[in-house]
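Biologist: Hi! Could you walk me through this one? I'd like to talk about charged side chains.
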Amino acid sequence: MNKRELVDAIAPKVGDKKTATEAVNAILEAIQGAVASGDKVSITGFGAFEMVHKPARTARNPSTGAEIKVAESWGPKFRPGSDFKELVNAGGKKASKKK
């Protein structure tokens, strides 16, 4: 599901597509802004978004085997909540029975 499909799925519940687009954009901007400023965003039952530090390291170029220095960086991380995990796990069991 992409952003457009998410807006289409939400539109019937909030009234129209314009309102759904504004709602999705507002939620995503709020989450991105909070995580970028170092805050953790926890949504009970869904999961948590947070910023993680990736220290500098030495890697290898797979084609040549040469060492490459990778600079430190920061990146976003999502950890699913227990309700979300259970829902996905139940979906996986249903999908495997269809085969």
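Biologist: To start, is Asp8 buried, exposed or partly exposed?
Modeller: Asp8 is partly exposed, with a relative accessible area of 37%. Buried means under 20% relative accessible area, exposed over 50%, and partly exposed in between (1.4 Å probe, protein chains only). Bear in mind that this is a predicted model, where local features need pLDDT of at least 70, side-chain atom pairs count only at pLDDT 80 or more, and totals for chains, interfaces and linings use all residues. Residues are numbered from 1 along each chain as its sequence is written, and side-chain values use heavy atoms, leaving out hydrogens and water.

Biologist: Thanks! Which side chain does Asp8 meet in a salt bridge?
Modeller: That's Lys17, at 3.2 Å from N to O. A salt bridge here is a side-chain nitrogen of Lys or Arg within 4 Å of a carboxyl oxygen of Asp or Glu. Lys17 is partly exposed too, at 47% relative accessibility.

Biologist: How many salt bridges does that rule give?
Modeller: Three. One of them joins Arg79 and Glu50, with the closest N and O atoms 2.9 Å apart. This pair links distant parts of the chain, 29 residues apart: Arg79 is in strand β5 (residues 73-80) and Glu50 in strand β2 (residues 47-54). Strands are DSSP runs (E, at least two residues), numbered from the N terminus.

Biologist: And is Glu50 buried or exposed?
Modeller: Buried, at 18%, while Arg79 is partly exposed at 36%.

Biologist: New topic: in which sense do β3 and β4 pair?
Modeller: Antiparallel, over four bridges; pairing takes at least two bridges found by DSSP. Arg60 stands opposite Glu67 in β4, and their side chains meet in a salt bridge at 3.5 Å. Both Glu67 and Arg60 are exposed.
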